[in-house]
Structure formats: structure tokens, C-alpha cells
Amino acid sequence: MSNAPRPRFLKGHGTENDFVIVPDPDGHLELSAAAVARICDRRAGVGGDGLIRVVRSSAHPEARAMAAEAEWFMDYRNGDGSIAEMCGNGVRVFARYLRRAGLVEEGDLTIATRAGLRHVHIAKAAGGAGEPGGAPDGGAITVGMGRAVLPEPGPDGAITVAVGDRTWSARNVNMGNPHAVAFVDDLGQAGDLFTAPAVHPASAYPDGTNVEFVVDRGPRHVAMRVHERGSGETRSCGTGACAVMVAAARRDGADPGVTGHPVTYTVDVPGGRLVISERPDGTVEMTGPAVIVAEGELDPVWLAAALD
């Protein structure tokens, strides 16, 4: 076993939403849900909110149909090992890894995800970390997150979110993955978010949902906390920030599809700041940092045990 290959990994984060990155360009590595959960364990593994496997689209059965438009597929898993459709902060970290590895250049590229193609722009390194979207190892990364879908309440009624004895109405927003967005008076009302808030009716989210709690900070400026499905509370959620921006805009009477003018909100998360814009064609764009903090090798004996 001592001569077994030692798979590489990197650790990165986007506004402190952190990920283990596993390069597997030819799609040879089979990672079970249990193995992913062990790798993401913060005490017994590398630690992360999720795991990103970097695979060529042509080498992955879920992405082959997108290979002509996107060379690389982001195989994203939640921290508990479950498969997720998309991760907005993860896309930025994925793009940062591709640039760091010399697999892409600064500028525009397209990434395949389970939620479809995502168009990304990697800015040239400029400015400091104190600027919006600034990052110590490169310029800000902008991701075209697609269009938000706002399902109407179903036959079981409007969405509500509950923590303890408090209940709030919530907006159902889908950004390729599901979100329930609740506006509250104080972010502390969300509780510890270790466990998922109660969401009703359950029929609105048959596969579970991410839940965002939001407060106002100023004109077109909000702050949020999030319980991510399969991960618990995280320091940031990119798709969640986009869902929050769209929900806040509609609450404030702003709809670029009606006015023909784009709308931009600043969204503060516990791990930093994201800038989210919605265009008249409905496309939502997210701009923020992405940082690679470490790289190393997984011990083959430990990994073999994790894969069993």
C-alpha cells in the first residue's frame, strides 16, 4: 500500500464557504457519499462545507452532453456526501483552481454543473482585499448564475419557516437548487442553525431546501445567514445570496424584466461580501472573491479506508 498513488487535494474558500478540491480530470476516482463525508469532516478529515471534484466534461456521464461548450465539469457534493445541483461560491473556487493550475486563462470561460452551464469571468488581479470582490490570489470572479425561478405557492399554501416558537413567511426561489428566503428583524432569531429550520409545506421542497434569514442594512444592502441543505450553517452561500437578492428586489418592487433596468444589491454574509445583479433578461450575476489556501496529498491508506 505504501506504493499506492497519493491523490492530490487543495483547500479553498469563497467568502469563507470552504471546499476540498479533488483534481480528477479523467474521472477515475469513485467517491462514495461516506468517503466525501469523511474527507469533509473537520476533525477526522481535511474539513470543508463541501467537496469539488474537477473532471473533464467528456469523462463524466452527467456532463458529456455539455462537453462541446464546457471542457470542465464541477462535480459538487455537500459536506454530508449528498449530491448537489450547484454551488455558487464553489463555482468561483472551481474557476480559481482552473486558473491556478494553468488550465484556463483570465477572462471568460464556461463551466458545466448539474444545474447546467455557468458562464464565468476571471478578472485580472487588481486592487486589494479591501475592495469589493478583491482576493489575495487574483481578481474578483463573476459568475452568471442563470435565471431565478420563483414558484407560486402550491395547493398546500404559502411557504413558512420556523425556528423554535417563531414563524416567518418565506419566498420560494430556485437558483438551480432550492431556497426558502425569510426576512427577519434580527439575524440572531435564526438560532444556531446546526439543524435545519422547519419549512412548511414540505411538499414545496421534496428534496429539502436551503434556508436564508435576511435583515436590511441599507438601501439595496442586506445581510444574511444560511442553513445549507446537507451542510448546516455555512459562512456563505452563493446561490443563497442570489436567491436573497431576487427576493429582496421583488419585496422592494424591483423587477428588471418589467423596468428594463438592472438591479444590484450588496449581500453581506458571515464570511464576507458578495455583489449580486439581476439583468433585464433575468440573468443573475454574482461577483466575489475565491481563494486557494493550501494543497497536499491524501494518505492512500486513510483514503482506502474511507472508500470502503
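This is a predicted model: local features need pLDDT of at least 70, side-chain atom pairs count only at pLDDT 80 or more; totals for chains, interfaces and linings use all residues.

Residues are numbered from 1 along each chain as its sequence is written, and side-chain values use heavy atoms, leaving out hydrogens and water. The protein chain holds five helices and 19 strands; these are DSSP runs numbered from the N terminus, with helices (H or I) of at least four residues and strands (E) of at least two.

**The chain as a whole**

- With a radius of gyration of 19 Å, close to the 19 Å that the globule rule gives for 308 residues, the protein chain is as compact as a globular protein of that length. The radius is taken over C-alpha atoms, and the rule is 2.2 Å times the number of residues to the power 0.38.
- Along the principal axes, the C-alpha atoms fill a box of roughly 60 × 40 × 40 Å.
- Of the 308 residues, 51% are buried. Here buried means under 20% relative accessible area, exposed means over 50%, and partly exposed sits in between (1.4 Å probe, protein chains only).
- Take the contacts (heavy atoms within 4.5 Å) between residues at least 6 apart in sequence: 64% of them join residues at least 24 apart.
- The 29 positive and 39 negative charges have mean positions 3 Å apart. Lys and Arg count as positive and Asp and Glu as negative, with His and the chain ends not counted; each charge is placed at NZ of Lys, CZ of Arg, CG of Asp or CD of Glu.

**Strand 18 and its partners**

- Strand 18 (residues 283-288) pairs with strand 7 (residues 141-147) in the antiparallel sense over five bridges. Two strands pair if DSSP finds at least two bridges between them.
- Strands 17 and 18 form a hairpin with four residues between the strands, where Gly282 takes a positive phi near 95°.

**Strand 11 and its partners**

- Strand 11 (residues 178-183) is mostly covered, with five of its six residues buried.
- Strand 10 (residues 171-174) runs antiparallel to strand 11, joined by four bridges; Val173 is partnered with His179.
- That pair makes a hairpin with three residues between the strands, and Gly176 there has a positive phi near 95°.
- Strand 13 (residues 210-218) runs parallel to strand 11, with five bridges joining them. Ala180 stands opposite Val211 in strand 13.

**Residues to find**

- Ala35 lies in helix 1 (residues 33-40) and counts as buried, at 0% relative accessibility. Not counting residues up to four places away in sequence, Ala35 touches Ala306 and Leu307.
- Ala35 and Pro256 are 221 residues apart in sequence, and their C-alpha atoms are 43 Å apart in space.
- Arg114 sits in the loop between strand 5 (107-113) and strand 6 (116-122) and is partly exposed, at 22% relative accessible area.
- Leaving aside neighbours within four places in sequence, the contacts of Arg114 include His60, Glu62, Asp75 and Tyr76. Phe73 is 41 residues from Arg114 in sequence and 8.5 Å away, C-alpha to C-alpha.
- His221 is in strand 14 (residues 221-228) and counts as buried at 19% relative accessibility. Not counting residues up to four places away in sequence, His221 touches Asp216, Tyr265, Thr266, Asp268 and Arg273.

**Backbone details**

- The peptide bond from His200 to Pro201 is cis, with omega near -5°. Pro201 is in the loop between strand 12 (198-200) and strand 13.
- Thr15, in the loop between strand 1 (8-14) and strand 2 (17-23), has a positive phi near 45° without being a glycine. Thr15 is buried, with a relative accessible area of 2%.
- Glu16 is in the loop between strand 1 and strand 2, has a positive phi of about 70° although it is not a glycine, and is partly exposed at 36%.
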